[in-house]
Each structure stands twice: as C-alpha cells, then as structure tokens.
Amino acid sequence: MNHPRRPLALLPTPLQRFAGMYLKRDDLTGFGLAGAKARALEYLLGDALARGADVLVTGGSPGSNFIAGAALAASVCGVECEVLVSGTAREQAPATLNMVTCSGAKVLYTGSDRAELDKLIDERVAHLRKNGRTPYGIPRGGATPVGALGFARAAEELAGQLGFDEAAVVLPVGSGASIAGLLAGREAIAARWHVYGVSVSRPLPQIRGEILALVTRIRQEAVTGWELIDATGAADDRDVRTMLAALRADGVLFDAEHGTKTLAAATRLRARTELPIVLWHTGGLPTALSLLGRAAT
Ligand SMILES: Cc1ncc(COP(=O)(O)O)c(C=O)c1O
C-alpha cells in the first residue's frame with residue numbers, strides 16, 4: 001500500500017488464546033486512549049501531513065474514543081486540532097474529552113445531536129479554508145477510505161499471525177471504518193474469514209449501507225462473507241457479568257460500549273460455528289473503567 005502513514009501505534013498487537021477463542025489485542029496499541037483507532041489515525045495523519053494541513057478538524061460525542069485519539073495524534077504530529085463535540089459542556093467531562101483538552105485541542109460544542117456532526121465539520125473546514133488555513137476534515141470515527149486503510153493493513157497483520165486459513169472474525173462496529181477496512185484488506189489478501197460486525201450504536205439498515213458505501217469507495221466493488229449483529233442499546237447487567245467473568249478468568253478488561261457486547265456476541269457465536277473465532281479487542285479504556293465502577297457497587 002502506497003499511502004502515507006505516520007506511525008503512532010505499537011504494531012503488531014499481540015494475538016493470544018482467550019476463552020477458547022483468539023483475542024487480537026488492539027487495546028494494547030499504546031497510543032493514549034486510542035486503542036484500535038490509532039490504526040486509522042496513522043493513515044489520516046499521514047494524509048493530512050502529505051497535504052500540508054495546518055489544522056485537523058473532527059468531531060464526536062464527549063465519550064468518543066476517536067476524538068481523544070485524533071487530538072493526541074494532531075499534537076504528536078505538530079498540527080493544530082479543533083474538535084466539535086455534540087451537546088453542551090457538562091460539569092464532569094469524561095476522560096476522552098479531558099484527553100482532547102490535555103492534547104491542546106480546541107473544543108467547540110455544537111449544542112446539537114451527534115448526527116449533525118459530519119455536516120458541521122464540513123462547514124467548519126470551509127470556514128477555515130476561507131480564512132487562509134489548510135484544514136483537514138475527518139468525519140466521526142475516521143470513517144473515510146483513508147481512515148479505513150488502518151484496518152486494511154490490520155488484515156495483513158492478522159493473516160501473518162494466524163496459523164490457519166479459515167476463521168470467524170468478530171469486531172465491534174461504530175462508524176463502520178474498521179470493518180470496512182478489514183473487509184477491503186481481507187479481499188486484497190484473499191483471506192478466508194467470515195467477518196461478524198457487532199453494531200453497538202447505529203441501527204443495522206443504516207450502518208450496513210454506510211459500510212457498503214465505504215467498502216465500495218475503497219474497492220470499487222461490493223464484498224460478501226460478512227454480517228452484522230445488533231448490539232445497540234446501553235450495556236445491561238448481563239454485560240457487566242460478562243465483563244467481570246473475562247476479567248476474573250483471564251485478566252482482560254473489556255469496555256461497556258464496544259468490548260463486552262462484542263465478547264458476548266462472540267461467545268454466542270461459538271455455539272453455532274466450527275470455525276476458530278478471532279475476537280478483536282478494540283480498546284475503550286475510559287468506559288471500561290466506568291463499567292468497573294458500576295460492577296464494584
Ligand atoms: C473502543 C472502540 N471500539 C470500536 C469502535 C468502532 O469502530 P468503528 O467506528 O471503526 O466502527 C470504536 C469507535 O470509536 C471504539 O472507540
């Protein structure tokens with residue numbers, strides 16, 4: 001792949017045996033709180049720097065792991081950063097938002113729902129450009145063909161670690177950037193993996209369309225051999241028990257938003273597939289800590 005990449009993560013991340021499955025430890029990328037999002041940011045920052053950008057503009061909800069990673073990546077690369085945050089300022093900021101502020105990024109509250117963010121990012125980019133700046137806009141979650149390259153590269157990385165051809169790969173889905181990249185990367189290396197995306201926030205028809213659109217922009221053709229599992233809605237008490245069981249048995253901490261739901265889906269999948277399962281741990285330490293707080297009380 002000939003795309004500019006600014007290394008940020010400690011790669012390859014480990015692949016370990018875990019609960020009768022394999023666990024891909026992207027929680028261990030070692031870049032702030034970014035987890036797997038460090039992969040997308042390597043290509044997004046590489047592209048921004050190659051284009052001579054002097055300010056990164058992105059956005060997310062206050063709890064977005066992506067905005068925490070993006071602000072830190074901009075700081076490390078010596079680029080200014082503006083982060084549009086949905087809603088209004090709250091008394092107690094989550095760790096993700098504190099990371100944005102501590103990275104020196106400017107926080108701009110939108111006062112509106114997160115669904116508005118991508119449009120507002122575009123508007124902010126146009127405004128900065130009109131004022132003589134060279135902005136680089138990134139939609140929520142880094143969901144662009146460039147951002148997806150991070151997981152396309154991760155497909156090669158995983159193939160090099162697995163000692164077998166066929167597998168079921170299970171990963172959480174938010175914006176769809178990661179699964180789109182993984183599918184494109186899987187096709188590029190002709191890996192025989194069935195990919196299961198666990199949608200944690202967006203309704204399936206919507207996210208399916210967004211993933212297909214992104215994959216098509218990368219590969220110019222649709223891909224098969226993947227499906228989505230619905231895990232929208234807040235983590236419940238069963239999720240807390242799932243998280244605690246993994247922690248106590250194997251010392252692995254999963255987050256509320258993405259990890260526990262994906263772990264639960266992968267565990268259920270074990271009953272209906274003969275394929276070895278690779279569960280992708282994508283990080284999410286901030287909500288892992290709050291889930292721990294909830295479990296302890
Ligand atoms: C910890 C974690 N896992 C998974 C995802 C979902 O990834 P994607 O937005 O690429 O679908 C996110 C999104 O921000 C995340 O923070």
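Predicted model: local features only at pLDDT ≥ 70, side-chain atom pairs only at ≥ 80, totals over all residues.
**View 1. A six-stranded open sheet.** Follow the strands in the order β1-β2-β10-β7-β8-β9 and you'll see that the pairing is mixed. Out at the edges sit β1 (15–18) and β9 (226–230); each has a single partner strand, so one side of each has no neighbour in the sheet. From one strand to the next, the twist averages 25°.

**View 2. Zooming in on β7 and β10.** Here β7 (residues 166–173) runs parallel to β10 (residues 277–281), and three bridges pair them.

View 3. Helix α6 (residues 177–189) lies across β7, β8 (192–199) and β9, at about 175° to β8. Helix α9 (residues 259–270) lies across β2 (21–25), β7, β8, β9 and β10, and its direction is at about 150° to β7.

**View 4. A four-stranded open sheet.** This one goes β5-β4-β3-β6, with parallel pairing. Its edges are β5 (106–109) and β6 (135–137), each with a single partner strand, so each has one side left without a neighbour in the sheet. Ignoring direction, neighbouring strands are turned by 25° against each other on average.

**View 5. β3, β4 and the helix packed on them.** Strands β3 (residues 55–60) and β4 (residues 80–85) run parallel and are joined by six bridges. One spot to check is Val55, whose bridge partner in β4 is Glu80. Helix α2 (residues 65–76) packs on this sheet, touching β3 and β4, with its direction at about 170° to that of β3.

Notes. Residues numbered from 1 in each chain as written. Pairing = 2+ DSSP bridges. Helix = DSSP H or I, 4+ residues; strand = E, 2+ residues; numbered from the N terminus. Axes fitted to C-alpha atoms, helices over the stretch in contact; angles between N-to-C directions. Contact = placed C-beta atoms within 7 Å.
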